[in-house]
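Please read them alongside the sequence and coordinates.

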Amino acid sequence: MAAFLKEIDKFYGTKEKNRQGEDLETFLEHYDPHKYETPSCTTDAVIFSKTGKLLDVNQLKVLLVRRSNHPNIGFWALPGGFAEMRENLEDTARRELEEETGVKGFPMEQFAVYGDYDRDPRTRVITTAYLSLVEENDVTVQAGDDAADAAWCSVDLQRKESHPGVLERNIWELRITNEEKKLDTCAEVEEIRREGLIRERKYRVLSGGKIAVDHAAILVQALCLLRERLAE
């Protein structure tokens with residue numbers, strides 16, 4: 001089959017042949033991309049809004065969409081979707097955000113990857129999470145694509161339990177509300193963290209409420225990140 005890329009000059013290496021006597025062109029011609037099972041890749045965007053000076057993360061609102069299709073139909077989720085084969089991940093995040101909410105043109109930071117094999121019932125799906133912070137009055141939100149609705153939702157993050165140690169364990173309660181949409185739901189997320197030169201962070205949903213899949217964990221991680229930065 002033809003090479004995935006048209007331009008392959010930077011992949012020649014030393015231009016040696018491999019053990020099968022193949023040069024790069026021959027190797028690519030015979031390569032079977034279906035030899036190994038491959039996961040699907042998605043992006044999810046955590047878009048927070050603020051009004052005026054930000055002093056605490058509980059002043060923020062988060063942009064959520066209500067899912068119109070399975071899985072988790074009717075639940076609220078972060079805007080996101082599947083990456084196309086010839087699309088960079090940041091471009092996917094921006095495209096899906098615009099398609100589902102109409103929001104575009106803001107800086108976005110990649111901050112996490114969620115790849116547990118059991119996070120989606122359709123297939124193995126690995127998602128890359130992006131973060132942005134905007135002024136609420138600068139953004140007009142409208143639902144589109146496979147979103148039944150889209151709205152700014154208030155967040156309230158409280159630490160319920162803290163267990164210090166080499167591996168610190170925290171239990172966070174995240175409340176998401178929107179009076180107009182009659183949304184009032186709570187999720188519990190476990191945070192495992194290790195400090196030091198090499199740092200570990202793991203966030204896991206204990207109970208998700210009406211927040212789709214593991215998006216409560218992604219949201220809590222984003223809020224913890226901003227809380228740490230505000231304290232610097």
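**Notes on the predicted model**

1. The protein has 3 helices and 10 strands. This is a predicted model. Read from the N terminus, the order of elements is α-β-β-β-β-α-β-β-β-β-β-β-α.

2. On overall dimensions, the C-alpha trace spans about 65 × 45 × 35 Å along its principal axes. Of the 232 residues, 39% are buried. Among contacts with a separation of 6 or more, 57% join residues 24 or more positions apart.

3. One nonpolar surface patch consists of Phe4, Leu5, Phe11 and Met85, which together have about 430 Å² of accessible area. Phenylalanine 11 belongs to the segment before helix H1 (24–30). Its relative accessible area is 43%, so phenylalanine 11 is classed as partly exposed.

4. The structure contains 22 salt bridges; the points below take up some of them.

5. Which parts of the chain does the salt bridge between lysine 202 and aspartate 116 tie together? The two side chains meet at 3.2 Å, N to O. Lysine 202 sits in strand S10 (residues 200–207) and aspartate 116 in the loop between strand S5 (109–114) and strand S6 (125–135), so the bridge ties together parts 86 residues apart in sequence. Lysine 202 is partly exposed at 39% relative accessibility, and aspartate 116 is partly exposed at 41%.

6. Are the partners in the salt bridge between arginine 193 and glutamate 191 buried or exposed? The closest N and O atoms of this pair are 2.8 Å apart. Both arginine 193 and glutamate 191 are buried, which means that each has under 20% relative accessible area.

7. A further salt bridge joins the side chains of glutamate 195 and arginine 201, at 3.3 Å from N to O. Glutamate 195 counts as partly exposed, with 44% relative accessibility. Arginine 201 also counts as partly exposed, with a value of 28%.

8. Salt bridges also occur as a network, which links Glu84, Glu87, Arg95, Glu96 and Glu99.

Definitions and conventions
Residues are numbered from 1 along each chain as its sequence is written. This is a predicted model: local features need pLDDT of at least 70, side-chain atom pairs count only at pLDDT 80 or more; totals for chains, interfaces and linings use all residues. Side-chain values use heavy atoms; hydrogens and water are left out. Helices (H or I, at least four residues) and strands (E, at least two) are DSSP runs, numbered from the N terminus. Buried means under 20% relative accessible area, exposed over 50%, partly exposed in between (1.4 Å probe, protein chains only). Contact means heavy atoms within 4.5 Å. Patches are made of residues with over 30% relative accessible area and no salt bridge: like charges are joined within 9 Å, nonpolar side chains (Val, Leu, Ile, Met, Phe, Trp, Tyr) within 5 Å. Accessible areas come from the Shrake-Rupley method with a 1.4 Å probe; for residues, only the protein chains shown count as cover. A salt bridge is a side-chain nitrogen of Lys or Arg within 4 Å of a carboxyl oxygen of Asp or Glu.
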